[in-house]
Amino acid sequence: MPGPNQVNMAVYVGERLGGGRGVLAAVAGLVAVPTAILVGLGAAYFHYRHLPALDAALRGAVAAAAAMTLAMGVKVGMPLTRDRGALLLAAAAFVAVHLLHWPLVPVVAVLGPLGVLWAWPRERAAGAPT
């Protein structure tokens, strides 16, 4: 289960099995372990970056991460290609950030709520639970 679902499930199971300590253990396992792995890889890179094998391994990891990100973007984005409002918001974000060179945070701060407002009434009309 990629994304926030795994965090929610871990916290739920941790709370059910161990109360507050279970929640802390679940969050620590989801945050501390990956952080330690990334810090370790970063330290290994800066210490052994001259080794061709490490360089090749990290290049492969970056390529795999890029492919997974692209695949997830396509999976999430394909249903939105039929939604004119979503396409308009995406075009507005592209123009604002890439062509006008506006900062990303204010653009998302404005377009994010507009996207929620665009989708919200349509979801309610379709009978989705609120």
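I take a polar contact to be a pair of N or O atoms within 3.5 Å, where, within protein, one atom must be able to donate a hydrogen and the other to accept it, and where residues adjacent in sequence count only if both atoms are side-chain atoms. I note that this is a predicted model, in which local features need pLDDT of at least 70 and side-chain atom pairs count only at pLDDT 80 or more, while totals for chains, interfaces and linings use all residues. Residues are numbered from 1 along each chain as its sequence is written, and side-chain values use heavy atoms, with hydrogens and water left out.

**Entry 1: the chain as a whole**

I looked up the secondary structure and found 4 helices and 0 strands in the chain, both being DSSP runs numbered from the N terminus (helices are H or I with at least four residues, strands are E with at least two). The pattern along the sequence reads α-α-α-α.

For overall dimensions I noted a radius of gyration of 21 Å, whereas a compact globule of 130 residues would have one near 14 Å; the radius is taken over C-alpha atoms, and the globule rule is 2.2 Å times the number of residues to the power 0.38. Taken along the principal axes, the C-alpha atoms fill a box of roughly 50 × 45 × 25 Å.

I then looked up burial, where buried means under 20% relative accessible area, exposed means over 50%, and partly exposed lies in between (1.4 Å probe, protein chains only). Buried residues make up 8% of the 130 residues. The chain exposes about 10,300 Å², of which carbon and sulfur atoms supply 74%; these areas come from the Shrake-Rupley method with a 1.4 Å probe, and for residues only the protein chains shown count as cover.

For contacts, meaning heavy atoms within 4.5 Å, I recorded that among those between residues at least 6 apart in sequence, 23% join residues at least 24 apart.

I checked the length of α3 (residues 84-99): at 1.5 Å a residue its 16 residues should span 22 Å, and its end C-alpha atoms are 21 Å apart, which agrees. The expected span here is 1.5 Å times one less than the number of residues.

I listed the buried residues of α3 as G85, A86 and A96. They cover an arc of only 100° around the axis, which puts them on the same side of α3, the arc being that of the directions from the helix axis to the C-beta atoms. The face turned away from this buried side carries the exposed residues R84 and L99.

At the N-terminal end I found D83 as the cap, with a side-chain oxygen 3.1 Å from the backbone nitrogen of G85. D83 lies in the loop between α2 (52-77) and α3, and at 13% relative accessibility it counts as buried.

H101 has a positive phi of about 60° although it is not a glycine. Most residues other than glycine have a negative phi. At 65% relative accessibility, H101 counts as exposed.

I looked up L111 in helix α4 (residues 104-125), and found it buried, with a relative accessible area of 17%. Not counting residues up to four places away in sequence, L111 touches L89, A92 and A93.

From W118 to K75, 43 residues apart in sequence, the C-alpha to C-alpha distance is 21 Å.

**Entry 2: two residues of α1**

I turned to G22, which lies in helix α1 and counts as buried at 12% relative accessibility. G22 touches G14 and E15, not counting residues up to four places away in sequence, and its C-alpha atom is 7.6 Å from that of V11, 11 residues apart along the chain.

Y12 is found in α1 (residues 4-48) and is partly exposed, with a relative accessible area of 47%. The C-alpha atoms of Y12 and A26, 14 residues apart along the chain, are separated by 8.9 Å.
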